[in-house]
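Welcome! Please take a moment to look over the sequence and the 3D structure shown here before reading on.

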Amino acid sequence: TIREIANLIGGEIGQTVEYVDLPVEQWREILLHHVGMPEFLADHLYNVAEDHKDGIFEEQTEAVKEITGVAPQSLARFVRENLAKFKGQEPVFLGV
């Protein structure tokens with residue numbers, strides 16, 4: 001769940017990370033008007049969030065390993081490898 005992800009990230013960075021459950025429409029508006037995200041990206045993330053709510057991503061597959069030849073890393077490992085970004089000590093490039 002998203003709360004479990006927040007707790008895992010918080011544990012890795014040594015801080016409390018609180019998940020706030022916003023309506024997806026409100027979150028999209030924040031991305032557009034407060035973050036300054038381009039509309040196409042906010043729309044994409046909105047649709048991904050809707051799919052997540054609908055359980056589209058609950059199944060685990062071997063797709064990453066089949067395509068890349070490498071097993072996917074855990075979220076905990078990803079956070080540890082990018083700890084400075086998660087702690088706000090390095091900028092995060094969103095590609096926008």
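The report below goes through the model, its fold, a few residues and its pockets.

## About the model

This is a predicted model, in which local features need pLDDT of at least 70, side-chain atom pairs count only at pLDDT 80 or more, and totals for chains, interfaces and linings use all residues. Residues are numbered from 1 along each chain as its sequence is written, and side-chain values use heavy atoms, with hydrogens and water left out.

Confidence is given as pLDDT, the predictor's own score for each residue, from 0 to 100. The protein chain has a mean pLDDT of 91, and 96% of its residues reach 70 or more. Confidence in the protein chain is lowest in helix H6 (residues 83–86), with a mean of 92, and highest in H2, with 95.

## Overall fold

The protein chain contains six helices and zero strands. Helices (H or I, at least four residues) and strands (E, at least two) are DSSP runs, numbered from the N terminus. Reading along the sequence gives the pattern α-α-α-α-α-α. Taken along the principal axes, the C-alpha atoms of the protein chain fill a box of roughly 40 × 30 × 25 Å.

Of the 96 residues in the protein chain, 17% are buried. Here buried means under 20% relative accessible area, exposed means over 50%, and partly exposed is in between, using a 1.4 Å probe and protein chains only. A contact means heavy atoms within 4.5 Å. Among contacts between residues at least 6 apart in sequence, 38% join residues at least 24 apart.

## The nonpolar core

Which residues form the largest nonpolar core? Its five residues are Leu31, Leu32, Met37, Leu41 and Ala42. H2 and H3 each supply at least two residues of this core. A nonpolar core is a set of buried Ala, Val, Leu, Ile, Met, Phe, Trp, Tyr and Cys residues joined through side-chain atoms within 4.5 Å.

Start with arginine 28, which is found in helix H2. Arginine 28 counts as buried because its relative accessibility is 15%. Leaving aside neighbours within four places in sequence, arginine 28 is in contact with Glu39, Ala42, Asp43 and Tyr46. Next comes glutamate 50, in helix H3. Is glutamate 50 buried or exposed? Glutamate 50 has a relative accessible area of 19%, so it is buried. Not counting residues up to four places away in sequence, glutamate 50 touches Val24 and Glu25.

Two loop residues are also worth a look. Proline 23 lies in the loop between H1 and H2, and it counts as partly exposed because its relative accessibility is 44%. Proline 23 and valine 35 are 12 residues apart in sequence, and their C-alpha atoms are 17 Å apart in space. Glutamate 59 sits in the loop between H3 and helix H4 (63–68). With a relative accessible area of 64%, glutamate 59 is exposed. The C-alpha atoms of glutamate 59 and lysine 87, 28 residues apart along the chain, are separated by 30 Å.

## The pockets

On a 1 Å grid over the protein atoms alone, where a 1.4 Å probe is used, a pocket is an open set of points with protein on both sides within 12 Å along at least five of seven lines, and lining residues have an atom within 4 Å of a point. The largest pocket holds about 1,000 Å³ of space. It is lined by 23 residues, of which Ile2, Ile5, Tyr19, Ala49 and His52 lie nearest its centre. Helix H1 (2–13), helix H2 (24–35) and helix H3 (39–53) are the elements that give two or more residues to this lining. H3 gives the most, with five residues. By class, the lining of the largest pocket has 16 nonpolar, two polar and five charged residues. Ala, Val, Leu, Ile, Met, Phe, Trp, Tyr, Cys and Pro count as nonpolar, Asp, Glu, Lys and Arg as charged, and the others, Gly among them, as polar.

The second largest pocket holds about 210 Å³ of space. Its lining includes Glu59, Gln60, Ala71 and Pro72. The residues of this lining divide into four nonpolar, two polar and three charged. For both volumes, grid points are joined across faces, edges and corners, and a volume is the space filled by probe spheres set on the points.
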